Amino acid sequence: EKEPVTVLVTGAAGQIGYALLPMIARGVMLGPDQPVIIHMLDIEPAAEALNGVKMELIDAAFPLLKDVVATTDVVEACQGVNIAVMVGGFPRKEGMERKDVMSKNVSIYKAQASALEQHAAPDCKVLVVANPANTNALILKEFAPSIPEKNITCLTRLDHNRALGQISEKLNVHVSDVWNVIIWGNHSSTQYPDINHATVKTTNGEKSVRDAIANDNWLNTEFITTVQQRGATIIKARKLSSALSAASAACDHIRDWVLGTPKGTWVSMGVYSDGSYGIQPGIMYSFPVTCEKGQWSIVNGLKIDELSREKMDATAKELMDEKTLAYSCLID
Ligand code: NAX
């Protein structure tokens, strides 16, 4: 039997936590033959609820789940962690200024960065889910300088999967017959869902998504806004934000990162920009990536048309502005 992998979930008493934890314990994230130890972190007001989740994990008698730690102590939570899924954060409440929310999250991510740096396993891989996801990940990176920057990522896989979903619905094909969409930029409404390199399987081969749909107007307008606004649409319908799809996307992100992306396909991940596609270094930006042997690399050399360029730059600018705001919170 394989050695267990220790997975940390922060914000574990929340909605995404409740959907994500059983997926991890069932092997959806790391594979059906990979035992796991789960560390769950939340804050004091949620301690009792967190303990309830721990009881349920025990009651589910998962064969792969070797141990569960439920704690409000960030040092205990980070101890020996191989994979950290950062779902905990301060939510934006009605009437709150953007800066106040940013400030709360900056202090959370600064503190958790130090704890991870000091107590996690040296090769720990980090996925930030909590919003503002890209900027929380950037703060985490800045305050955990000894964690390799390639090990710190944020979640845009939900947006990627939403884009696949919209295309498959439109073409009336199964979602697994569509691949290589791209989410560029921020996990926010400025993200750019790009189908210019996407492919769909047809009865007699493959076709570009643009040719298959043959409706540039829909692709260039409604498709993009539908994906950008999908989170808000779910909130309107459910009176709660996306949780099962977010949890599933987090599993997809880690699984592909650790076990590799299938040949000929890529996925979207928020990673530290290396200047690819003219996106300035210094921000966490979502790019198309392939993964092999636990390492992601940006897919380079894709042709970028004028509309795409504009949208890629607009979302980069928003991330620069978020960065400035985050840094102003550090000074105050
Ligand atoms: P919930 O409010 O249900 O859960 C958040 C949990 O985090 C709570 O239990 C809270 O007590 C805990 N928490 C707060 N501060 C903490 C701290 N300092 N340390 C540890 N835990 C802490 O939110 P939920 O619906 O689960 O969403 C979690 C986060 O994911 C939010 O920030 C949300 O905006 C973000 N999302 C990101 C997505 C993405 O694709 N990147 C999509 C889904 C989701 O909206």
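Reader: How many helices and strands does the protein have?

Author: The protein has 12 helices and 14 strands. Both are DSSP runs numbered from the N terminus: helices are H or I with at least four residues, strands are E with at least two. The radius of gyration, taken over C-alpha atoms, is 19 Å; the globule rule gives 20 Å for 332 residues, so the protein is as compact as a globular protein of that length. That rule is 2.2 Å times the number of residues to the power 0.38.

Reader: What kind of model is this, and how are residues numbered?

Author: This is a predicted model: local features need pLDDT of at least 70, side-chain atom pairs count only at pLDDT 80 or more, and totals for chains, interfaces and linings use all residues. Residues are numbered from 1 along each chain as its sequence is written.

Reader: What share of the 332 residues is buried?

Author: A residue is buried if 20 or more other C-beta atoms, placed from the backbone, lie within 10 Å of its own; 12 or fewer means exposed, and in between is partly exposed. Buried residues make up 45% of the 332.

Reader: Why does the span of helix α6 agree with its 15 residues?

Author: The expected span is 1.5 Å times one less than the number of residues. Helix α6 (residues 157-171) should therefore span 21 Å, and its end C-alpha atoms are 21 Å apart. Its buried residues include Arg 157, Leu 158 and Ile 167. Asn 172 follows α6, with a positive phi near 55°.
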